[in-house]
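I opened this entry to keep track of what I looked up. The notes follow the order in which I checked things.

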Amino acid sequence: MYASLVRRQLGGIVPPKIATPSLLTSGSGSSLTPLVNFYSKLPKGPASTVSGGGIKARYFNGKNASAAPLVWTILGLFTFGYAIDYQMHLKHHKNHPH
């Protein structure tokens, strides 16, 4: 087995500074002690849930999910656009009545 193939296969699993190709392809089990020590220190059990603090996590995920912020954003943009359009229309009628 080639060293680059081993590195590619184990790249996502084994940290690169601990698992060198010479350690993995040598065949002796005693040279894997740094790797075993590393993995024995990792926490065991399921990973804790990470509570993200973004807009998506706050409004669209979880038990309090709602689309209200999206609806209010759309309505706000529509109102803002309508107000600008109305003002431009009034400027048009200032000197030129229908």
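I started in helix H5, where Phe78 and Tyr82 both lie, four residues apart, or about one turn of the helix. This is a predicted model, and I read every value below as computed from it.

How are the rings of Phe78 and Tyr82 arranged, and at what distance? I found the pair stacked, at 6.4 Å centre to centre and with 25° between the planes. The pair counts as stacked because its planes are under 30 degrees apart. Phe78 is exposed, and Tyr82 is exposed too.

Next I counted aromatic pairs and got three. One of them is formed by Phe38 and Tyr39, with an edge-to-face arrangement: the centres are 5.2 Å apart and the planes make an angle of 80°. I checked the exposure of both residues. Phe38 is partly exposed because its relative accessible area is 29%, and Tyr39 is partly exposed at 31%.

Which residues make the nonpolar patch? I listed Ile55, Tyr59, Phe60, Leu70 and Ile74, with an area of about 490 Å². Helix H4 (55-59) and helix H5 (68-95) are the elements that each give two or more residues to this patch.

Phe60 sits in the loop between H4 and H5. Is Phe60 buried, partly exposed or exposed? Its relative accessibility is 37%, so Phe60 counts as partly exposed. Leaving out residues up to four places away in sequence, I found Phe60 touching Ile55, Ala65, Ser66, Ala67 and Leu70. Leu70 belongs to helix H5 and is partly exposed, with a relative accessible area of 46%. Phe60 and Leu70 are ten residues apart in sequence, and their C-alpha atoms are 9.7 Å apart in space.

After that I stepped back to the whole protein. I counted five helices and zero strands, so I wrote the order from the N terminus as α-α-α-α-α. Of the 98 residues, 7% are buried. The accessible surface is about 8,700 Å², and carbon and sulfur atoms account for 65% of that surface.

Last, I checked the confidence. The mean pLDDT is 76, and 64% of the residues reach 70 or more.

Notes: Residues numbered from 1 in each chain as written. Predicted model: local features only at pLDDT ≥ 70, side-chain atom pairs only at ≥ 80, totals over all residues. Heavy atoms only, no water. Buried < 20%, exposed > 50% of the residue type's maximum accessible area, 1.4 Å probe, protein only. Areas by Shrake-Rupley, 256 points an atom, 1.4 Å probe, with all protein chains shown as cover. Patch = residues over 30% accessible without salt bridge, like charges linked within 9 Å, V, L, I, M, F, W, Y side chains within 5 Å. Salt bridge = Lys/Arg side-chain N within 4 Å of Asp/Glu carboxyl O. pLDDT = per-residue confidence, 0-100. Contact = heavy atoms within 4.5 Å. Phe/Tyr/Trp six-rings, centres within 6.5 Å; stacked < 30°, edge-to-face > 60°.
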